[in-house]
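Visitor: Could you walk me through some aromatic contacts here? Please keep it brisk.

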Amino acid sequence: MQTRPRTDDATNRRPWRLVGPVVVGGAGVGLWALGHITDHEQQFLPMLALILVMIGNGFVVIRVRVRSTTIETSPTTAIITVGAAFLPAAPLILGTLCGKLLQMLTRRFSDPVKVSFNVAKETLCAAAAAFAATLTGLHPILLQPGFAVADVIPGMFAAFLAYTLTDEIVSQALFATVTDTSYRQRLVAQLNTQVVPRLGLFAVALATIAAYHISEWLLLVLPPLVYAIHLAAANQVRTRQGNEAWQRLAEATDEFNSVDQTAVLYAAVRRAADIFSTDEAEVEIHPPTGGDRLVRSNGTQILFDGAPEDAPAAEGFLIPVALESYRGDADLGELRLRWRGHGPVRFTEREQYTLRTFTAALCTAIRNAATFAETQRLADSHARAAAQDPLTRLANRRRLQQYGDEILTVGSGAGVVGVVLIDLNHFKEVNDTLGHAEGDRVLVAVAERLTAAARPGDLVARFGGDEFAVILAGLSAPALAELRAQTMLNALTPPIALDDMRISIEASCGVATGTGGTIGELLRRADVALYQAKQEGQRIVVYAQSHDTADVGSLTLGGDLARALAERQFTVHFQPIVDLASGRVIAAEALTRWHHPDRGYLPPDRFLGAIERSGQLAAFADAVLDQALAAAIEWGDAGYPVPVAVNVSPRSLLDPSFPEAVARRLGARGVPSSALVIELTESVTLSKLEVVDDVLAALHDLGIRLALDDFGTGFSSLATLARVPVDELKIDRSFVAAMETSAPGAVVRSTIDLGRSLDLLVVAEGVEREDQRQQLWDLGCPAGQGHLFARAMPADRLLAALERGRGHLAAPLHDTGAVIRMSRSRRARRMSMGGEPPGRERST
């Protein structure tokens, strides 16, 4: 900021409004006295004495500096009061005028303005005292031999009071005019502090009259007494000035507590002009970051604030004070005190100490303000860096989230909020062909075009890589978001010039709108729309819930998992696997349910994804395995040694410690490894990851049977199937349900034949009807599971069913004793599973 100087001519003219009338009045009173003086020996000698005393009085004055003007006070009050008792009005006035004039000339005062003002003021004060004495009947006592002291007291007090009031009224008027302060406050404050010293001088005047009444020689002892009273008054004035200076200094240091540099500098120049009674004060600083600054004030107004070289010239007597660091090794700037008077200004020892204290406090304040400003600058810089993409200077993801939350918090007052996600198509080809430097130039150009196409209130951000996001605020209708997105993409249509090349940029866009919720949900929806646009080759796709397959509610389940595991909310139900021919239970598959306190029973497909993302997978798998093994023990103790099959998450196969965890759980429960079957997902199991092969091999080495679940739905091959140590194949229920049609029926037949050729147990899932059971058996499938036999149930209910059917859940397909033709390999497999053939062969 730069403030042009204001003219100070009015300030210079203000004292003349008082000095002129005082000089004119004093001259008029002097001329009146000169016209009324009489040649009388009795008047001449006292008047001469008055002149001599006035001259000597000038050497015991109290000096008070106001800016470049020094105002002096002395025990003149007592002299004029005594003079009023000895002299009539005309000699008193004329003697005071001559004595004050000679006093100032002997002290070599050369300023005619100061001389004329002081002489005129004393003349007016003497006239007031003389006329007050005359009005109260006080007459020169030399004309009345044998006077009584009591008779002159009223007249002398009137003269004393008139002199004092006139002196203070004129003097304080000059102080108030020069310093531009309240005249009334200064007058009241001065009278309060001057009462005791002035009364002391009046007492001296009465003592002088009393001594003269006794003997003229006693007047010789009065000068020391007068001088002592004068010193006491001088000390009181200096003490008052010191207290006022320290009070103003304390107020200044309080204002220096601000960390705002401008506030500190403004307080410094105003307070310096007030404390040191200067016409102007200025501070010039040299910040470490550059940009020198000068502030100037006359104590009431800031005359200039700007670069030092632009400041107007200023004249007068100058006292410069360097502003240095506390170690003295840094130049902070300079404080300058300026007076417009002609002569030099000399500071007292107290003023010098005050100046040093003021300067030290100012240096500290400037350093603190500079430190705060630098800290604030760094904080702002870091805040911008944290919210800004360094390449394009657009907002980054963090700032996008903040801004989105802000406008969505406003609610309906912000209108419809739109989110536009823009992805550059084939941008990788730009980087691969031209290099990343040219690719960065393209991104910068895209950012500039999107910013130009945005409207006030919109926020354009780089979302990452070649993806940009735009928040559209204050839309009146959701349909406008698509039109605005079209404008954004149109801005990218013109080719981008890169040196001698022109590159065309194509982009896809996803749009989502809302009036509430979270910015995260809007971004997710826009991302769904963007994915659809890229999949379908469209420029713009607006989010539609029918295309959103994400279950947002399942994401919230992740926060409930730790509590669910701790409170054993996960329970395991078991669906039996039966021999299709006999109906005997040969195994049971463990199916986990989550008894959620708020959502009820949740099937695995609702929470397995959340578990895999949460980091709780190992604890969950251990809890399920423990319940499954506990059920196997319960069934075995009841006489039904049914193996239990447990589904394993694909992520568990990526954990090298998983086989060891399974072995620990088997050992803790005392269950043989042959009682456990681990079912695997085909797509992950058959991957060529080395860690998966190692985990499967370790499980197989433990004696645990491995079953390949949902066979036929993945990307299996004979090579990978031969590589993985699988013991069972499970035909997916979708093939069993459509077994009558040609394609699914072929898959079922080929899977059964593949299992027979590899000596693997084949289990058909989803057996719902008796005819499906018969058809599967006819095709050579030995085992199945489905609602035809039983739904998933708790372990105790399955035990009860086993006890009711003595291990069977369905009637056999053939009567006992019937002859069934079957291959030798199938018969061998059934015998190895511990089962009996459905009927005994009987010779015909």
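Guide: Start with phenylalanine 358. Its relative accessibility is 0%, so phenylalanine 358 counts as buried (under 20% relative accessible area; exposed is over 50%, partly exposed in between, with a 1.4 Å probe and protein chains only). This is a predicted model: local features need pLDDT of at least 70, side-chain atom pairs count only at pLDDT 80 or more, and totals for chains, interfaces and linings use all residues. Residues are numbered from 1 along each chain as its sequence is written, and side-chain values use heavy atoms, without hydrogens and water.

Visitor: What is the geometry of the pair formed by phenylalanine 276 and phenylalanine 358?
Guide: Rings of Phe, Tyr and Trp (its six-membered ring) pair if their centres lie within 6.5 Å; planes under 30 degrees apart are stacked, over 60 edge-to-face, the rest tilted. Here the centres are 5.7 Å apart. The planes meet at 90 degrees, so the pair is edge-to-face.

Visitor: Is phenylalanine 276 buried or exposed?
Guide: Take its relative accessible area, which is 1%. Buried means under 20%, so phenylalanine 276 is buried.

Visitor: How is the pair of phenylalanine 317 and tryptophan 339 classed?
Guide: The ring centres lie 6.2 Å apart. The planes are at 40 degrees, and the pair is tilted.

Visitor: Which ring does the charged end of arginine 397 sit over?
Guide: The test is CZ of Arg, or NZ of Lys, within 6 Å of the ring centre and within 35 degrees of the ring normal. Arginine 397 has its charged end 3.9 Å from the centre of the ring of phenylalanine 463.
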